[in-house]
Amino acid sequence: MIAYNGRVRAMPRLSPRLHAVARLLPTCVRAADIGTDHALLPTWLVCSGRVERAIAADIANGPLTRAQATVERFDVGGEVELRQANGLLALQPGEVECVAIAGMGPGRMIEILTGAPEVVARLDAMVLQPNHGGEQLRRHLVANGWNLSDEQLVEDRGHFYTAMQWRKGSSSAHVSWRREDWLFGPWVVAHGGEVLRRLLGHESARASRDLARKPLGSADWSSLRSHVNWLAQLQQRLFPPV
Ligand SMILES: C[S@@+](CC[C@H](N)C(=O)[O-])C[C@H]1O[C@@H](n2cnc3c(N)ncnc32)[C@H](O)[C@@H]1O
């Protein structure tokens, strides 16, 4: 429950993953959630007063039925508008300042972004939370002039997720990207703390298991072996044994 503009409103409960996305979305007048599914995120955003109005868009019928149920349950029909469309084609250019896209693969997110350049050009900020493949997404956005202004790594039901806040602008806080910055995110590397330590342990164990399955001495084996060594060195550097 939250008191907002004199009203006490019930709030949907967000998972740690979606909560990270919500926290990183800048306060704005109008926002859109693309691939909204249950519409929990836009409902939370309007109930909390973080945004005044939200567009909750999805390509499929089933998710929009779930979204409608959430909108009715939390009585936000006047503030959350549901739309059925492919990606950012749900929006007119300039219709919203901020967009969230969460819970998809990086390839689909890049398709959505490149599929509506005139909408993307008018955005102030985006929060993206890919289910994997952060490096691919970071490289795409940096190459397209976006500035990675914040990130948060969360562990949610045994999986690691990174939510990224991107803002327009040519000046990037991170001019020299190291391998670990592309892979895990510069903000995560700088501030990831205990969750980053667990993520690196998880990645190291996975890479070592993959290495054990490769034919010894093959080209794949050599490159994976150097990745395993690099991860071990990174762990030592970021989390030196006490
Ligand atoms: C795994 S759900 C994620 C839901 C929510 N964003 C979250 O993070 O919990 C992915 C949603 O994206 C929708 N989706 C996939 N491709 C899409 C596209 N091109 N345009 C709009 N929605 C899409 C799917 O229908 C599905 O509802």
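Which residue takes a positive phi in the hairpin of strand 8 and strand 9? I looked, and R157 does, with phi near 50°. Two residues stand between the strands of this hairpin.

**Ground rules.** I am working on a predicted model, where local features need pLDDT of at least 70, side-chain atom pairs count only at pLDDT 80 or more, and totals for chains, interfaces and linings use all residues. Residues are numbered from 1 along each chain as its sequence is written. Helices (H or I, at least four residues) and strands (E, at least two) are DSSP runs, numbered from the N terminus.

**Positive phi.** Most residues other than glycine have a negative phi. I noted R157 as a non-glycine with a positive phi of about 50°. R157 sits in the loop between strand 8 and strand 9. I then checked A39, also not a glycine, and its phi is positive at about 60°. A39 belongs to the loop between strand 3 (28–34) and helix 2 (40–47).

Are these residues buried or exposed? I counted C-beta atoms, placed from the backbone: 20 or more others within 10 Å make a residue buried, 12 or fewer exposed, and anything in between partly exposed. A39 counts as buried because it has 27 C-beta neighbours inside 10 Å. R157 has 7 inside 10 Å, so it counts as exposed.

**Strand 9.** I followed strand 9 (residues 159–168) next. It is mostly covered, with seven of its ten residues buried. Pairing here requires at least two DSSP bridges between two strands. Strand 8 (residues 146–156) pairs with strand 9 in the antiparallel sense, over ten bridges. On that side, W166 of strand 9 is the bridge partner of L148. Strand 7 (residues 125–130) also pairs antiparallel with strand 9, over four bridges. There I found A125 opposite R167.

**Ligand shell.** Which residues come nearest to the ligand? Of the 17 around it, they are G35, D37, P63, A102 and G103. A residue is near if its C-beta atom, placed from the backbone, lies within 6 Å. Strand 4 (51–58), strand 6 (98–104) and helix 4 (106–114) each give at least two shell residues. Strand 6 supplies the largest share, three residues. I sorted the shell into nine nonpolar, five polar and three charged residues. Ala, Val, Leu, Ile, Met, Phe, Trp, Tyr, Cys and Pro count as nonpolar, Asp, Glu, Lys and Arg as charged, and the others, Gly among them, as polar.

**Domains.** I took the bounds from an automatic or database domain assignment. Domain 1 covers 2–173 and domain 2 covers 196–238. Their C-alpha centres lie 33 Å apart.
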